[in-house]
Amino acid sequence: MRVLSLLYVVLRAICWANAASHSLKYIYTVVSGDNDSPEFIIMGFVNDEQFVQYDSNIRRMIPQTEWREISVDKQYWDNQTQKALYAHQIFKDNIGIAMQHFRSTQGKHILEWIVGCRWNDETGDTGGIERYEYDGKYFLPDDMKTWNFIPPAQLLFISAVKWNPAELENDKQYQTQICIESLKTYVSYKRMLERTVAPEVSLLQKDSSSPVVTCHVTGFYPRGITVTWQRNGEDLDVDVEQGATVPNEDGTFQTTSHLRVKPEDWKSQNYTCTVQHKSLKQDIVLPVREENIKRNTDIKILTAGRASSSASSCVLAVFILALAVIAIVI
């Protein structure tokens, strides 16, 4: 029975470690004495991936991941920088108090504060994270009640959620409410902004005698993409015109690249369009061959059909409107 119980605990721990379990934590580090490293550093982590950092040399909070950089504006970073500057002074005072408590001599000493929370998006379980370390020695916040230690103010907490500091009673409320909401928001940002959709690539030509071949790339996400042309394996820089990248209705993007080349040239030599994108394990290489090219005549027929359909719809709408007006008059 004990073996079964132990097996259950191990399996539960493995399941908890899967993608359903998320964490948000900040590490505040202050160093005393002369050293080459910054005196004060703040690092923020989502699922153990660093996404923000501040240090006393740069004196600015900066993003460490693309998803965090594009999810907020400049004012957000200005506000977080002001909080970090305030936090620096608090921790500078606190390391002095810790040195007095531990009767440390002057020299290099390190005080760290780790604070955050955990959340499982399948079970809904949550938990707080908070501990202090001084020169590698771990101790609880309750241990410091007699130290005259300055508790980090609620102003220090770096959160995507707006709150009123006067409504917060203690650090536990941050861990159980604000931190959890921030963590859910960050996980949502990551999932949305780090998703990838592979592109579809087509070769277009107005007609068989046209000197322009277009490489049309659509349906990809994120926005960044590279489209290049090659002749016999060598990249082409001349006679190439890159189109703008524009959004599709479904949130993906599309772009075009035009190559000016005579039909007899691409029929006698090896021309290719190569597409590189974050979603692709390997580049898409589409040879410029007759069987790969779509003529614009096909597109015109499709467009004409849609235009005809739209025109018919308009006529029908006008007819229905006319009937409605007659009915009202009667």
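The model is predicted, so local features need pLDDT of at least 70 and side-chain atom pairs count only at pLDDT 80 or more, while totals for chains, interfaces and linings use all residues. Numbering starts from 1 along each chain as its sequence is written, and side-chain values use heavy atoms, with hydrogens and water left out.

**View 1. An open sheet of seven strands.** The strands (DSSP runs of E, at least two residues, numbered from the N terminus) follow the order β4-β3-β2-β1-β5-β6-β7, with antiparallel pairing. Strands pair if DSSP finds at least two bridges between them. At the edges stand β4 (62–63) and β7 (137–139), each with a single partner strand, so one side of each has no neighbour in the sheet.

**View 2. Strands β1 and β2 side by side.** Seven bridges pair β1 (residues 21–31) with β2 (residues 40–46) in the antiparallel sense. Look for L24, which stands opposite V46 in β2.

**View 3. The disulfide of C117 and C179.** Their sulfur atoms lie 2.1 Å apart; a disulfide here is a pair of cysteine sulfur atoms within 2.5 Å. The link is left-handed, with -85 degrees about the S-S bond. It connects C117 in strand β5 (residues 110–120) to C179 in helix α4 (residues 171–193; helices are DSSP runs of H or I, at least four residues), 62 residues apart.

**View 4. The disulfide of C215 and C273.** The S to S distance is 2.0 Å, and the link is left-handed at -85 degrees about the S-S bond. C215 sits in strand β9 (residues 212–220) and C273 in strand β15 (residues 271–276), 58 residues apart.
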